[in-house]
Amino acid sequence: MVDHLEQQFQALESQESVIPDYPGQDHILIIEDDRRLAELTRDYLEANGFQVTLEADGAKGVDRILTLQPDLVILDLMLPGEDGLAICRRVRPNFAGPIMMLTARTDDLDQVLGLEMGADDYVPKPVQPRVLLARMRALLRRADAPAPNGEMRLRFENLEIDNATREARLSGERIDLTSAEFDLLWLLARNAGRVLTREEIFSDLRGIKYDGQDRSIDVRVSRIRPKIGDDPNQPHRIKTVRSKGYLFVKDS
């Protein structure tokens, strides 16, 4: 896998220039115990304008994330000391930035568990460098995106969603949402009363086509519902429209 990636990295580095299309020095923390893979990824990201910190020990992962508060974390699933799922679960209450999980395993259950623990994206290894970069940029753009058309705050009964602060409150109490969960909630809420297909959601949030199999949106909706006071068994706010997508119900 590393040899495969190394060939791709070398091919990209042999080009005349590598031109970043995401401005600024975003800080990326890579928690990966495969040293060569981590170093290749670091070199490629630094060539594209990012500041990168490496950590190989899963046991130090939580402390590194909470101390550094990076703009984005690339987190391997299988790590010595503490695995990526446990790290993700432990940092989520105190880290709001995007977390991208990497793994060589292809089990759908791993993806679902990762998303349920609070990961924002899940990328199987080996990943093409340009694909990794594109997914990272999409996560960073969403985290920094201003509210469209000046729309900053939405309210539905006792649910308030503020896109300026990227916070949601239920009866005045702040809701614990991951970055990806907030993005999805905001997208559904600002389109209240209209069914959004999975194709539309994927295009808007991830910039990719829906492949008909990815369950990440369904997992996030299932996590959001109880957080906003919606009954998971008989939802009244975020309804599933069979064979289509989701509908955020307007106040009557």
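A: Let us begin with the largest pocket, where β8 (167-170), α7 and α9 each supply at least two residues of the lining. Please keep in mind throughout that this is a predicted model.

Q: OK, which element gives the most to the lining of the largest pocket?

A: That is α7, which contributes 3 residues to the lining of the largest pocket.

Q: And how much space lies in the largest pocket?

A: The largest pocket holds about 380 Å³ of space. It is lined by 23 residues, and those closest to its centre are A96, R174, L177, T178 and S179.

Q: What's the lining of the largest pocket like by class?

A: Sorted by class, the lining of the largest pocket has 9 nonpolar residues, 5 polar residues and 9 charged residues.

Q: Switching to cavities, how many of 30 Å³ or more are there?

A: The count comes to 4 cavities of 30 Å³ or more. The second largest cavity contains about 50 Å³ of space, and its lining is made by D120, R142, A180, L205, R206, I217 and R220.

Q: Which elements give two or more residues to that lining?

A: Those are α8 and α9 (216-227), each of which gives two or more residues to the lining of the second largest cavity. By class, this lining has 3 nonpolar and 4 charged residues, with no polar ones.

Q: So how do α8 and α9 sit relative to each other?

A: The axes of α8 and α9 come within 11 Å and cross at roughly 90 degrees. An angle from 65 to 115 degrees counts as roughly perpendicular, and therefore α8 is described as roughly perpendicular to α9.

Q: Which residues meet there?

A: From α8, the residues R198, I201, F202, L205 and R206 meet S216, I217 and D218 from α9. The residues of this contact between α8 and α9 divide into 4 nonpolar, 1 polar and 3 charged. Two residues of α8 in this contact, L205 and R206, also belong to the lining of the second largest cavity, and so does I217 of α9.

Q: What about α7 and α8, at what angle do they cross?

A: Helix α7 (residues 179-190) and helix α8 (residues 198-206) have axes that come within 11 Å and cross at roughly 125 degrees. The two helices are therefore oblique to each other, and α7 passes α8 in a right-handed crossing.

Q: And which residues are involved in that one?

A: On the α7 side they are D183, L184, L187, L188 and R190, and these meet I201, D204 and L205 of α8. By class, the contact of α7 with α8 has 5 nonpolar and 3 charged residues, and no polar ones.

A: Helix α3 (residues 61-68) and helix α4 (residues 84-91) pack with their axes 9 Å apart, at an angle of about 40 degrees. Here α3 passes α4 in a right-handed crossing.

Q: Who meets whom between α3 and α4?

A: G61, V62, I65 and L66 in α3 meet I87, R90 and V91 in α4. The residues of this contact divide into 5 nonpolar, 1 polar and 1 charged.

Q: Last topic, the backbone: where is the cis peptide bond?

A: The cis peptide bond joins K125 and P126, and its omega is about -10 degrees. P126 is found in the loop between β5 (121-124) and α6 (129-144).

Q: And what is phi of E157?

A: Phi of E157 is near 50 degrees, which is a positive value in a residue other than glycine. E157 has its place in the loop between β6 (153-156) and β7 (159-162).

Note on methods: Residues are numbered from 1 along each chain as its sequence is written. This is a predicted model: local features need pLDDT of at least 70, side-chain atom pairs count only at pLDDT 80 or more; totals for chains, interfaces and linings use all residues. Side-chain values use heavy atoms; hydrogens and water are left out. Axes are lines fitted to C-alpha atoms, for helices over the stretch in contact, and angles run from 0 to 180 degrees between N-to-C directions. Helices (H or I, at least four residues) and strands (E, at least two) are DSSP runs, numbered from the N terminus. Angles under 35 degrees count as roughly parallel, over 145 as roughly antiparallel, 65 to 115 as roughly perpendicular and the rest as oblique. A crossing is left-handed if the near helix is turned anticlockwise from the far one by less than a right angle, and right-handed if clockwise. Contact means heavy atoms within 4.5 Å. Ala, Val, Leu, Ile, Met, Phe, Trp, Tyr, Cys and Pro count as nonpolar, Asp, Glu, Lys and Arg as charged, and the others, Gly among them, as polar. On a 1 Å grid over the protein atoms alone, a cavity is a set of points where a 1.4 Å probe fits but cannot get out, and a pocket is an open set with protein on both sides within 12 Å along at least five of seven lines; lining residues have an atom within 4 Å of a point. Grid points are joined across faces, edges and corners, and a volume is the space filled by probe spheres set on the points.
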